[in-house]
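Please examine the structure shown below together with its sequence.

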Amino acid sequence: LCRGGLAERLCRLQNRERSAISFWRHQCISDAKIPSDKSGVLIVKILEMFEECTIQVAICQQLEQSPATLSSEDAVVSAGEPILKVLFARETAAHLKSRPHDVIHIYPPWQKLILKNADVPVIMNTYFSQKVLLSEHSETREETHRLRKMLIRKNIISLAQTFRLDDLDGELHQQPSDNQVDCGLQIHDNRDSKQRPLAQSAVNDSLLEMVESQGAVGWREAQVRVVIQRVYCLPAKEGHRSHVQGKKPLCATPIVNSDPPNVRLCLLVQDAYGMFSEVQLQSLGSADDVQQYCSRWEGKFCCLAGMKILQRTTRGRTLGLFSLIDSLWPPVVPVKVPGQSQDSEMTTTNLPPPSFCYILTVQPGEMHVEVDEEEQISNLYQPPAVRGLKEILQIDGCNERCSFWAQVLYLRLQTKHSVPVNQREIWLFVTDSTLQNVAHVTPRVVAVSVTASCVLSTEITEALSVASRRVFFKDALWGNGRIICVERTVPLLQKPPLCSAAGADLSELTGPVRLDELDSTTQTNSICALRGTVVGVNESTAFSWPTCNRCGNGKLELCPQDRDLLYCNQCSEVVTSPVLKMQLEVFLSCPSRSQSTVRVKVWHKMSFGLFVLINMLLSLQSYEVQSVLGKEVGLLNCYVHSATSHPNCVALEEIVLL
């Protein structure tokens with residue numbers, strides 16, 4: 001706020017006002033009685049109540065001062081006083097919890113407003129108000145009412161009506177609604193034709209207008225019609241975990257934590273004015289159903305009700321959310337402009353990108369999401385634009401969302417022991433036809449970082465644990481030369497039916513996959529092909545160990561009954577034919593990197609090029625190390641642990657591609 005400006009002065013005034021109201025209420029509670037000073041106190045009896053534009057309107061009659069022994073039903077109504085229309089702010093109404101027939105004392109400085117062409121005066125500035133219980137009978141009735149839910153009628157007034165704008169879209173025209181809807185926790189689609197609880201209430205097409213009219217407490221009778229742009233899952237925060245509806249738990253695999261994660265199904269929706277909102281629905285046991293939700297819901301119209309505002313976020317607070325919103329901006333069709341006529345010539349797409357977004361969540365027992373799956377895809381919907389990896393690597397921008405098909409060749413879990421297993425990154429090394437089918441293209445393989453905030457389905461993790469698969473990465477993040485799967489990125493085994501290729505080569509790989517050979521441009525955390533000559537062996541790090549031939553357990557014990565045999569605790573059986581695993585570090589001389597010291601960690605179970613070499617060194621004790629020096633090795637597929645120039649050294653590990 002500008003120092004000394006009107007906004008700053010107004011903010012200070014509101015703070016002082018809130019402090020005065022809180023102090024006055026605290027004083028009333030401490031005294032446990034009605035303030036004795038009755039000068040200027042307006043005493044009214046509520047006849048009828050409704051809500052309009054977040055203000056609670058009470059139709060009241062003024063009362064003469066009556067003895068405290070009378071109940072509110074016996075209070076005397078002054079025939080000489082006209083009916084009053086008393087306005088209570090949302091906070092005041094929540095404090096009073098008023099009902100028809102209640103008696104309210106309104107203390108100064110209340111104000112009376114006389115409107116032209118209106119017979120009923122309006123009472124405003126009613127912050128200093130107190131509900132009066134006049135007898136024990138009333139106290140008993142108050143306790144009974146407190147346990148009973150009170151439905152307040154809401155008059156929904158659209159801004160188009162207020163400013164007399166001609167809305168040519170008559171289907172979304174607002175009308176005041178007297179309906180009272182008590183919602184239940186459910187998600188509706190078009191197949192629920194027999195059950196349409198939302199059809200009774202007014203429909204809005206503006207998220208911002210709905211927020212301003214309904215407030216942050218929650219939407220009751222009103223609903224808003226939006227387009228679902230994206231469906232994804234987010235990790236559920238502690239305290240937000242509700243009932244689990246997943247069909248099956250997440251299975252333990254080598255690349256994920258064995259504990260099933262709690263995830264929350266979310267929608268990114270957009271209204272007719274171009275405004276976005278993230279809707280967080282119920283928690284799921286896993287992300288297994290996100291594929292069907294994407295194919296069924298994305299691009300369809302949806303009506304929301306029973307929502308409440310969880311947060312109003314800005315670009316600086318949630319860069320991930322706004323990077324996804326920026327990928328959907330500008331809209332593909334003209335959107336409505338607030339405050340202007342909705343004629344076609346008045347709409348425009350020349351609008352700045354959104355600077356804030358409301359994150360909505362469901363109210364327990366009152367959530368409605370009605371998706372019309374039979375309706376055609378909205379023109380406002382923007383499907384993922386699929387690109388080739390070669391095109392993505394040439395993007396100059398930062399923090400841009402991208403979608404692509406790629407073949408996963410190798411995966412690796414981050415090995416930092418200080419990081420919990422369920423919070424470690426997974427590195428997927430991928431390629432596609434745009435990198436493999438073109439000569440002189442580097443790199444031929446790209447590393448994709450999958451962060452812990454990216455939710456992987458069981459289908460993905462199980463598929464990548466056993467074989468190389470073609471995966472569709474929807475809304476991954478590109479920036480600083482890296483492709484990252486973050487929150488709101490959805491890896492899928494099947495391509496969404498509505499994604500647009502935009503001329504990208506999406507053909508599958510037909511021939512063998514080629515890796516980049518080790519050279520001076522090879523970087524850390526990449527995979528490459530290696531050939532060279534053995535010039536040394538690190539005997540101090542060479543070792544071997546037996547493993548179970550059934551489950552691969554490397555921690556075998558001596559059998560209690562027969563100390564000459566090995567026993568596997570996982571199989572609970574004697575191991576008669578253990579598999580010997582061996583590890584060895586060798587130094588190679590590579591023509592492609594002649595000035596570097598190349599150290600390679602090789603494994604017996606994995607190594608085919610060095611199978612005889614390791615056997616000679618570790619299995620047959622009669623061989624000397626000198627007998628294998630000068631042996632030619634290659635091509636080996638390796639993972640690059642480090643590549644430094646001072647000292648000039650490269651550390652690699654032999655791997656097996658999926």
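In this predicted model, the largest nonpolar core comprises 51 residues, and Leu-267, Trp-297 and Leu-304 have the most contacts inside it. The element that gives the most to this core is strand 11 (residues 223-235), with seven residues. Because both domain 2 (202-236 + 263-332 + 354-382) and domain 3 (389-492) give residues to this core, the core lies between the two domains. Another core, of 28 residues, lies apart from it; Val-408, Val-450, Cys-454 and Ala-476 are among its members. In soluble globular proteins, nonpolar side chains tend to be buried together.

Strand 4 (residues 103-106) shows how side chains are arranged along a strand. Val-103 and His-105 point one way from strand 4, whereas Ile-104 and Ile-106 point the other way. Are these residues of strand 4 buried or exposed? All of them are buried. In a regular strand the side chains alternate between the two faces of the sheet.

Strand 4 also has pairing partners. Strand 1 (residues 42-52) runs antiparallel to strand 4, and four bridges join them; within this pairing, Val-44 has Ile-104 of strand 4 as its bridge partner. Strand 7 (residues 129-132) likewise pairs with strand 4 in the antiparallel sense, over four bridges. Here His-105 has Gln-130 of strand 7 as its bridge partner. Strands of a sheet pair through backbone hydrogen bonds, either parallel or antiparallel.

The last topic is the surface. Leu-47, Ile-83 and Val-120 make a nonpolar surface patch of about 200 Å². One of these residues, Ile-83, lies in strand 3 (residues 83-88). Why does Ile-83 count as partly exposed? The reason is its relative accessibility of 36%, since partly exposed residues fall between the limits of 20% for buried and 50% for exposed.

Conventions. Residues numbered from 1 in each chain as written. Predicted model: local features only at pLDDT ≥ 70, side-chain atom pairs only at ≥ 80, totals over all residues. Heavy atoms only, no water. Patch = residues over 30% accessible without salt bridge, like charges linked within 9 Å, V, L, I, M, F, W, Y side chains within 5 Å. Areas by Shrake-Rupley, 256 points an atom, 1.4 Å probe, with all protein chains shown as cover. Salt bridge = Lys/Arg side-chain N within 4 Å of Asp/Glu carboxyl O. Helix = DSSP H or I, 4+ residues; strand = E, 2+ residues; numbered from the N terminus. Buried < 20%, exposed > 50% of the residue type's maximum accessible area, 1.4 Å probe, protein only. Core = buried A, V, L, I, M, F, W, Y, C linked by side-chain atoms within 4.5 Å. Domains from an automatic or database assignment. Pairing = 2+ DSSP bridges.
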